[in-house]
2 protein chains.
Amino acid sequence: MNTKYVLGLDFSTLSGRALLVRVADGKEVASAVHHYASGVITHRLPNGAGTANLPPNFALQDPKDYLDVLKTAVPAVMQRAGVRPENIIGIGTCFTASTLLPVESDGTPLCLMPQWRSNPHAWVKLWSHRAAQPQADRINEVARQRQEEFLKRYNGRYSAGWFFSKLLEIVEKAPEVYDAADEFIEASDWIVWQLVGHSRRNNSAAGYKAMWLKDKGGYPQFDFFKALHPKLEHLLDEKLGGLEVYEIGANAGGLSRKGAALTGLKEGTPVAVGIVDAHAAVPACGVIEPGRLCMVAGPRICHVLLAKERRDIEGVGGCVEDGIVPGTWGYEAGQTSGGELLGWFCEALPTEIRLEAERRRLTVQRLMEERAGALKPGQCGVLGLDWWSGNHCVLMDPNLSGMLLGLTTKTERHDIYRALIEATAFGVRKIVETFTKAGLEVHDMVACGGLPEQNKLLLQIISDVTGKPVHVAESSHAAAHGAAMHGAVAAGKTAGGYPTLQDAARHMAHVRADYYRPHKASHEIYNQLYAEYEKLHDYFGRGVNPVLKTLKRLKTSAA
Amino acid sequence: MNTKYVLGLDFSTLSGRALLVRVADGKEVASAVHHYASGVITHRLPNGAGTANLPPNFALQDPKDYLDVLKTAVPAVMQRAGVRPENIIGIGTCFTASTLLPVESDGTPLCLMPQWRSNPHAWVKLWSHRAAQPQADRINEVARQRQEEFLKRYNGRYSAGWFFSKLLEIVEKAPEVYDAADEFIEASDWIVWQLVGHSRRNNSAAGYKAMWLKDKGGYPQFDFFKALHPKLEHLLDEKLGGLEVYEIGANAGGLSRKGAALTGLKEGTPVAVGIVDAHAAVPACGVIEPGRLCMVAGPRICHVLLAKERRDIEGVGGCVEDGIVPGTWGYEAGQTSGGELLGWFCEALPTEIRLEAERRRLTVQRLMEERAGALKPGQCGVLGLDWWSGNHCVLMDPNLSGMLLGLTTKTERHDIYRALIEATAFGVRKIVETFTKAGLEVHDMVACGGLPEQNKLLLQIISDVTGKPVHVAESSHAAAHGAAMHGAVAAGKTAGGYPTLQDAARHMAHVRADYYRPHKASHEIYNQLYAEYEKLHDYFGRGVNPVLKTLKRLKTSAA
């Protein structure tokens with residue numbers, strides 16, 4: 001009866017999950033999900049907060065939805081598991097990033113206050129908010145001129161979706177919100193604040209999204225921010241809640257009385273410093289050392305490789321010391337193809353495919369996978385470039401777009417579906433080879449996230465294309481599982497947890513016994529197709545033929 | 001009551017049409033269609049003639065279906081019009097080509113004889129039959145070695161779909177059929193034989209499909225055929241019903257007693273020499289002189305330009321003296337995109353589009369046209385190469401395939417639909433510019449066929465892309481209308497017809513008053529997109545990057 005558990009909380013794009021995990025062996029005991037009432041807010045503020053349409057490329061959230069996860073999913077998972085609060089030795093959280101919100105000095109989000117409720121810039125700006133592109137452009141310009149070190153770490157491109165792009169957007173578009181806010185904070189840090197009663201900013205979000213370099217003394221100098229905008233001269237002193245940043249896995253403090261009341265858990269229970277959701281998943285896949293690529297595959301794919309040293313690698317957008325697994329540098333490479341691309345395709349399938357799927361009680365994706373899986377490598381006749389949402393790794397160019405080549409009047413829907421999967425796998429191989437060329441070996445891969453469970457064909461083809469084994473995480477909720485492991489580290493060894501994330505992983509993280517092995521004959525055919533992919537990758541992606549930019553320019557000016 | 005009429009018969013891919021036209025002004029009085037019972041036979045011989053599956057790429061027809069057009073559509077149109085047989089002064093026919101059949105000396109098709117009925121090679125091989133590619137390859141090889149003049153006229157490529165490719169296929173695959181046949185004949189000549197009781201081979205099919213060069217003494221020498229296959233040494237003497245070829249518009253003879261019995265028309269009524277269907281449509285569009293491009297647009301688009309002289313033009317597959325309008329050289333350029341490409345796309349539209357089309361009582365094509373038409377040039381963001389069925393003009397390469405570039409997760413179905421239409425229009429411009437560069441001016445265009453009536457957006461975009469006016473033929477059945485005009489010429493002036501096809505056209509052919517004018521602003525944007533199209537056209541089409549061939553090779557070896 002004194003079995004010890006940890007609780008992992010994963011705040012993802014549309015819902016939050018509470019997962020209860022046994023500390024000794026990582027067994028997942030129970031899980032509960034709460035779907036955000038307001039979801040992703042892209043057109044109009046909810047609940048009468050505003051009547052005007054939001055500007056294009058806005059993606060907001062309501063922080064009340066996050067609190068509702070604490071209020072509903074946590075008690076629900078405890079009830080399902082039949083576990084008593086005193087048996088929970090630690091809590092860990094992970095969150096989408098960069099997801100920014102302006103708050104009062106006590107942590108109250110501005111958008112929950114009546115006087116700010118109708119101002120969109122007072123709300124949570126989700127990771128997928130893309131309206132700050134002009135601000136990102138300016139940041140990149142100024143950073144280039146000043147040769148800021150952080151720009152090198154982000155491989156020359158600070159993204160529109162990241163912390164300071166959104167913050168600069170607020171300064172420029174809603175200076176009154178900037179003035180009113182006491183702090184701007186990542187949601188991954190804000191949620192910890194709600195639990196422990198004070199802020200402990202994490203080095204995962206700060207390192208990957210907010211220019212914070214551990215080995216270079218933290219954030220850029222004040223004059224960089226001043227050069228961006230005069231109002232930002234005192235940003236570092238006044239609006240970031242101090243300059244301290246805490247290492248993931250550290251104990252952020254015990255659950256406050258208020259946090260205990262919210263969740264029904266025991267006051268004082270250790271809570272870990274927050275972490276970016278995809279990064280939490282990495283140790284949950286057992287990836288704690290160099291050589292094994294972790295693929296966190298959902299709508300998009302986040303590839304993480306650990307290394308003992310830092311290198312400049314072409315087109316890898318993030319490399320942070322201790323940001324994913326302490327003691328290593330974590331390289332992050334984003335691939336925009338994945339579930340989003342396959343979903344785009346399956347949304348518009350013809351009636352007879354929908355009917356057959358219904359009749360056979362399959363999802364249309366599963367039916368397409370089945371048909372595409374009956375084809376041999378090369379048989380679909382179609383080759384794709386997987387840049388439907390731009391290229392975020394190697395080329396790092398959001399203005400690129402996708403291609404399908406080899407279409408004939410005999411091309412069927414499942415031919416194209418297979419080509420999209422193959423293009424995704426070619427994109428994976430490109431990333432693997434980029435690491436390999438930089439001297440970081442990749443022996444094999446572990447996949448986690450929703451996509452690997454939905455799409456076995458994708459994993460087999462990734463294995464065939466790369467010629468490497470692909471493992472799958474035992475957990476279906478790797479991010480929440482990883483967050484729970486952080487909770488075990490925050491609890492520490494004496495409380496029954498683990499001294500390090502590596503120790504936690506050795507006991508709590510598992511991969512499935514079955515894995516995907518490359519077929520030699522398929523690999524050889526894919527070598528030929530990959531050579532074609534690479535040629536087109538460089539032709540369209542490296543400026544030999546800048547037609548994709550021309551198309552985007554003409555589209556923009558026509559709209 | 002002595003108004004004079006001519007009857008045009010158009011044998012197309014799935015049906016035959018009888019059209020009754022007033023001689024004086026070309027008014028279409030009545031029309032009747034008979035759908036072929038067996039349609040296009042691609043999988044198994046019909047009516048228990050055979051149980052085995054046909055080989056791949058077979059496309060056969062049953063000549064009984066053609067006779068049924070004579071028996072049913074002709075009496076039907078006469079009855080509808082209330083016109084007496086003696087008021088029909090002439091009959092003209094046109095037919096798909098090259099559509100080949102082996103016959104007995106009296107014209108009986110071998111496949112209608114019990115002993116040959118189960119042999120697929122005894123049946124009519126339709127224009128779309130593509131199984132004779134190896135034979136076409138051999139013809140091209142031998143012709144190249146011997147520097148045969150005809151190869152130059154066909155721009156270096158004799159097609160798998162043409163007369164002697166199919167004939168060589170029979171020699172090689174079914175020598176017993178070759179031996180048993182007294183003649184091999186184009187269906188356009190066979191149908192005239194059924195009407196007049198003797199064969200009169202036409203210079204349209206012979207010139208465009210069967211190596212017959214009027215200015216070089218007709219067919220190639222016997223030793224060319226011998227070099228193809230020993231059995232073909234005596235082909236010219238023994239299997240073509242003599243070497244005479246007759247000019248289109250000429251009188252093939254009066255309707256025989258048997259022909260009169262079949263159709264209910266009057267014995268002795270003049271019947272014109274046959275002609276290829278697309279070629280019959282040209283004068284029916286009023287195109288009888290150089291400078292105006294005729295687009296016969298159905299599943300594919302046949303472009304015809306007339307000229308006073310012959311020139312070697314890159315990538316134009318046919319140039320025949322007097323083969324379309326006597327007194328001119330007719331240049332034919334085939335474009336494989338058209339209705340087939342748009343149809344391929346619309347076949348697989350999602351449910352909600354089908355439902356909306358149903359609700360609004362539109363075809364899905366019309367609904368897509370409406371949505372695509374709401375976009376401005378460049379706005380769809382997608383650029384295509386229109387080679388879904390290969391490229392038959394300029395590049396003349398059936399192994400090319402299509403491309404879509406610029407796809408994003410925000411790309412909608414109507415964006416792609418517009419890109420397919422634009423790609424088709426870019427293909428048209430490429431053909432126009434090919435003629436222009438060779439010194440053959442194109443002032444404007446006239447379109448006819450099913451596509452222009454179904455898709456007004458296509459014509460507007462062709463006008464915007466080329467910067468030239470696009471007219472539309474008054475007749476919805478231009479091929480049948482043109483066939484009727486041939487009937488009027490066969491009847492001759494003394495019988496109330498016309499002395500020449502030009503005279504017939506001046507009285508009987510009309511274009512609509514409304515036409516499509518290029519919009520200057522659209523044309524300027526399309527100039528930019530066309531420059532991109534041309535660059536990709538050469539990159540993928542001229543061997544800079546032969547990836548399309550590689551995809552085809554890998555697909556073939558995987559199957």
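Copies of a chain are superposed by least squares on the C-alpha atoms of residues with pLDDT of at least 70 in both. Keep that in mind for this predicted model. Superposing chain B on chain A takes a rotation of 180°, with 0.0 Å of shift along the axis. The RMSD is 0.0 Å. The two copies are thus related as by a two-fold rotation axis. Which residue of chain B comes closest to that axis? Pro350(B) does, with its C-alpha at 2.0 Å.

Now look at where the chains meet. In chain B, 51 residues are in contact with 51 residues of chain A. Do the copies use the same surface or different ones? Of the interface residues of chain B, 100% are also interface residues in chain A, so the copies meet through the same surface.

Next comes the area. Chain B and chain A bury about 4200 Å² between them. Carbon and sulfur atoms account for 60% of it. Three residues stand out on the side of chain B: Trp344(B), Leu407(B) and Thr409(B). They supply 14% of the area that chain B buries against chain A, more than any other three residues. How many salt bridges does the rule find across this interface? The count is zero.

Turn to a pair of helices inside chain A. Two packed helices are described by the angle between their axes and the distance between the axes. Here the pair is α12 (residues 339-347) and α15 (residues 413-437) of chain A. Their angle is about 170°, and their axes lie 10 Å apart. Angles over 145 degrees count as roughly antiparallel. Therefore α12(A) and α15(A) are roughly antiparallel to each other.

Which residues make the contact? From α12(A) come Leu341(A), Leu342(A), Phe345(A) and Cys346(A). From α15(A) come Arg413(A), Ile416(A), Tyr417(A), Leu420(A), Ile421(A) and Thr424(A). Eight residues of this contact are nonpolar, one is polar and one is charged.

Finally, visit some loops. In chain A, the peptide bond between Ala97(A) and Ser98(A) is cis, with omega about -10°. Ser98(A) sits in the loop between β5 (88-95) and β6 (100-103) of chain A. Chain B has a cis bond from Ala97(B) to Ser98(B), where omega is near -5°. Ser98(B) is in the loop between β5 (88-95) and β6 (100-103) of chain B.

Another loop of chain A runs between β13 (318-321) and β14 (329-335), and it holds Asp322(A). Asp322(A) is not a glycine, yet its phi is positive, at about 65°.

Conventions: Residues numbered from 1 in each chain as written. Chains lettered and ligands numbered in written order. Predicted model: local features only at pLDDT ≥ 70, side-chain atom pairs only at ≥ 80, totals over all residues. Heavy atoms only, no water. Axes fitted to C-alpha atoms, helices over the stretch in contact; angles between N-to-C directions. Helix = DSSP H or I, 4+ residues; strand = E, 2+ residues; numbered from the N terminus. Parallel < 35°, antiparallel > 145°, perpendicular 65-115°, else oblique. Contact = heavy atoms within 4.5 Å. Nonpolar A, V, L, I, M, F, W, Y, C, P; charged D, E, K, R; others polar. Buried area = accessible area lost by both parts, 1.4 Å probe. Salt bridge = Lys/Arg side-chain N within 4 Å of Asp/Glu carboxyl O.
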